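Please open the structure in your viewer and keep the selection tool at hand.

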Amino acid sequence: MSLLDSRVPAVVLRIDRNPFHHGTLGAVRSLGRAGVDVHVVADCTGSPVARSRFVRRLHTPPPPDASDAEILAVLRRVADQVGRPAVLVPMDDATAIAAARLREELAPSYLLPVTPPASAERVADKARLAAVCASVGVPHPRTEVPDSPQRAGEDALRFGLPVVAKWSRPWLLPAGSGLRSTQVLHSAREARDLHARTAEAGCPLLLQAYLPPGTDRDWFFHGYADRAGAVRAGGPGRKHLSWPRGAGLTAVGRWTPNSEVTALAERITGELGYRGVFDLDFRRCGTTGRYHLLDFNPRPGAQFRLFTDSAGLDVVRALHADLTGRVLPDGDPVTGRAFVVENYAPLAALRPAPGGRELAWWAADDRAPGWAMWALWARHVSGRLRRRLGAADGVPAQRPAPRTSSLTTDNEKASS
């Protein structure tokens, strides 16, 4: 029996407008290589994803600020075009939350894990995550949700500067606002000024104790909680290089055994009764040595293909296999395996990788996205340089809003 039931197609869904979201390409390739027809519901304008030979069909997505009703309408239209039940694979927090809430309405056109409807929103909301961690005994940085700009300034001073500021529901941040999901503040005035934009952000601002980055401190865990709640596929990984350096998403990661991180991942998903794919970010405190959960993403992380075991199973394949009644094979971890995002870490992509390596964009069996990425990335970088030079010369520049998935996340750390 083959690993996946190729008679059941997959619909990869994303409304975040990030053309360089390599996780979407990873999902397309992972399923397509297993013989599954992959339909992509995402804005692939100017994205290398559209060039993949494993894309069966592209569909117009809902807008980034779509309501549940709008997402449901689009998915019903796509279901009519697909013509048979499909496994739904949300690739960003907004669609993961909507899919969980709409599970009954989406059936039987879509196959989704049976999980408490509010669980995805509960863990993705950064303010609520602090309470979740406290309830299950998982370490989490001290967090406060100030109710006024004045209180935000006072909390920042009480925490001790610098302090981390986060918008609790970053998927609600309006495009073009310049607001970032997470940033490090260095003064009480910065905290007051940022809190004053709460109405514009559409969600509460929270302040969090700052855990400094350092060698061997940034870790992540990707997994799939099956129908029985057992964590399958995935594993713990260590971030070796981020983009921007010391602050951003994983540019180079390595599958590294860590029993403590694994135990924390199993504890929180088990206590919550969570089902489905998840991506956790941890930072180890340099003083206490404890691993603090920074982020719980109720969907695949962009680097999920790092955790492809000896049986060829990853978290997206585990999702498809479990929902279609296949038995998940017991593969062995490929520890030491690396994942490199070439446009953020080009030198690392050229170095020897004795433990094995997967590149985010380039693949010998799907070359077009890799070539397209470099052409698009060159235009992207040159455009940013032109805007900066124009601003330096005093020429007003229209600068696009930074995408939260490619700039920062918890404690200056992103998982995209």
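Is F307 buried or exposed? F307 is buried, with a relative accessible area of 1%; buried means under 20% relative accessible area, exposed over 50%, and partly exposed in between, with a 1.4 Å probe and protein chains only. This is a predicted model, in which local features need pLDDT of at least 70 and side-chain atom pairs count only at pLDDT 80 or more, while totals for chains, interfaces and linings use all residues. Residues are numbered from 1 along each chain as its sequence is written, and side-chain values use heavy atoms, with hydrogens and water left out.

**First stop: aromatic pairs**

A pair of aromatic rings is described by the distance of the centres and the angle of the planes. Rings of Phe, Tyr and Trp (its six-membered ring) pair if their centres lie within 6.5 Å; planes under 30 degrees apart count as stacked, over 60 as edge-to-face and the rest as tilted. The structure holds 12 aromatic pairs.

Select W219 and Y291: the ring centres are 6.3 Å apart and the planes stand at 90 degrees, so this pair is edge-to-face. W219 belongs to strand β10 (residues 218-225) and Y291 to strand β14 (residues 291-297), 72 residues apart. Helices (H or I, at least four residues) and strands (E, at least two) are DSSP runs, numbered from the N terminus. W219 is buried at 3%, and Y291 is buried at 8%.

Next, select W255 together with F307. Their ring centres are 5.2 Å apart and their planes are at 75 degrees, so the pair is edge-to-face. W255 lies in strand β12 (residues 249-255) and F307 in the loop between β14 and α11 (315-323), so the pair ties together parts that are 52 residues apart in sequence.

Then select F20, W243, Y344 and W377, which ring pairs link into a cluster.

**Second stop: a sheet and a helix**

Select β6, β9, β7 and β8, which form an open sheet of 4 strands in that order, with antiparallel pairing. Two strands pair if DSSP finds at least two bridges between them. The edge strands are β6 (143-144) and β8, each of which pairs on one side only. Between β7 and β8 there are 4 bridges.

Finally, select helix α8 (residues 188-195), where A188, A191, L194 and H195 are buried. Among the elements that cover these buried residues are α7 (149-159) and β7 (163-167); contact means heavy atoms within 4.5 Å.
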